[in-house]
Amino acid sequence: MSRPAGPDVRRTASPRVDPDGVRATLRAAGLRARHGLSQNFLADPDVLDAILAEADPAPGRRVLEIGPGLGLLTAGLLDGGATVTAVELDRGLAAFLRERFEGVDALRLIEGDALDQDLVRLVEPPYDVVANLPYHITSPILHALLGAPPRPARLVLMVQREVAERIAAPPGKMSYLSVYVQYHARVRIAFGVPAAAFEPEPAVGSAVIVVEPYAADDRLDPVAEDELWRLVQAAFRERRKMIHNVLSRQLPLDAGRVASALETAGIAPDRRPQTLAVGEWLALHDALGPIGPDGRGRRTPGATPGPTG
């Protein structure tokens with residue numbers, strides 16, 4: 001399984017922002033940006049057009065939109081001919097969207113928390129995902145969408161710039177999140193989005209990433225995949241330490257077995273976990289074989305594996 005990383009960020013031009021229009025829309029609807037929900041509304045039509053160009057909506061295409069907000073992106077997807085299922089947590093925004101798109105049969109609005117939904121079951125495959133994801137839900141949403149079929153064909157996601165760079169990181173800067181997403185999909189950062197493109201302005205910049213999951217048969221079987229994540233998660237508990245020492249401490253493996261597996265996989269024992277590419281993790285997983293339970297009989301020590309870090 002080949003797992004390339006994405007290219008560097010390409011910055012957008014100076015934003016053509018209309019914050020007054022966003023403020024006026026919110027005031028007219030009796031709404032405001034809620035800091036507790038990390039609400040920052042896109043106010044730059046050029047960025048909106050760029051996202052739609054990446055999403056490439058077409059007649060008959062099904063799209064899951066997470067966090068439609070004021071519906072600017074929703075309207076663009078519908079105008080392109082897509083059928084949209086949108087999940088909105090904010091009750092006031094959901095009411096606004098129902099009024100704005102009243103009578104539009106191509107839109108299905110679900111009011112609720114995306115983290116409480118069985119996301120991969122909301123839309124009949126094949127489907128795409130378009131979303132503006134707050135920092136604190138990016139990892140669990142990616143885990144929900146990539147961890148089990150039916151996976152989306154394509155994801156176009158606005159995320160915090162730092163998170164985008166972490167997801168698409170090359171070997172040397174890898175994290176558990178990098179390995180998890182790049183195991184499941186091709187990733188590229190399409191373009192950067194400055195804070196000034198939003199109303200209100202967030203404290204950090206954002207970026208749009210495009211995630212294209214691999215075919216269903218380009219993965220380990222579920223049991224082997226669980227072992228892979230156990231291995232990777234254990235290693236990243238000490239990401240800057242030598243991998244030979246980390247694995248011997250964090251997993252029920254003796255030093256000799258770890259050394260032999262590293263040699264078989266062609267990985268120097270003094271490498272750091274953050275330097276390993278996805279293909280090297282797969283090779284190491286194969287070389288180690290079943291890890292077995294720890295001293296207390298647990299198969300997976302620590303937290304349940306997920307795309308964190």
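Visitor: Which residue forms a salt bridge with Arg-98, and how far apart are the closest N and O atoms?

Guide: A salt bridge is a side-chain nitrogen of Lys or Arg within 4 Å of a carboxyl oxygen of Asp or Glu. Here Arg-98 pairs with Glu-111, the closest N and O atoms being 3.2 Å apart. Arg-98 lies in helix 4 (residues 91–100) and Glu-111 in strand 4 (residues 107–111), so the pair ties together parts that are 13 residues apart in sequence. Helices (H or I, at least four residues) and strands (E, at least two) are DSSP runs, numbered from the N terminus. This is a predicted model: local features need pLDDT of at least 70, side-chain atom pairs count only at pLDDT 80 or more, and totals for chains, interfaces and linings use all residues. Residues are numbered from 1 along each chain as its sequence is written, and side-chain values use heavy atoms, with hydrogens and water left out.

Visitor: Are Arg-230 and Glu-227, which also form a salt bridge, buried or exposed?

Guide: Buried means under 20% relative accessible area, exposed over 50%, and partly exposed in between (1.4 Å probe, protein chains only). Both Arg-230 and Glu-227 are buried. Their closest N and O atoms are 3.8 Å apart. Arg-98, by contrast, is partly exposed at 45% relative accessibility, and Glu-111 is partly exposed at 37%.

Visitor: Which residues of helix 11 are buried?

Guide: In helix 11 (residues 278–288), they are Val-278, Trp-281, Leu-282, Leu-284, His-285 and Leu-288. Viewed down the helix axis, these buried residues fall within an arc of 165 degrees (taken from the directions from the axis to the C-beta atoms), so they line one face of helix 11.
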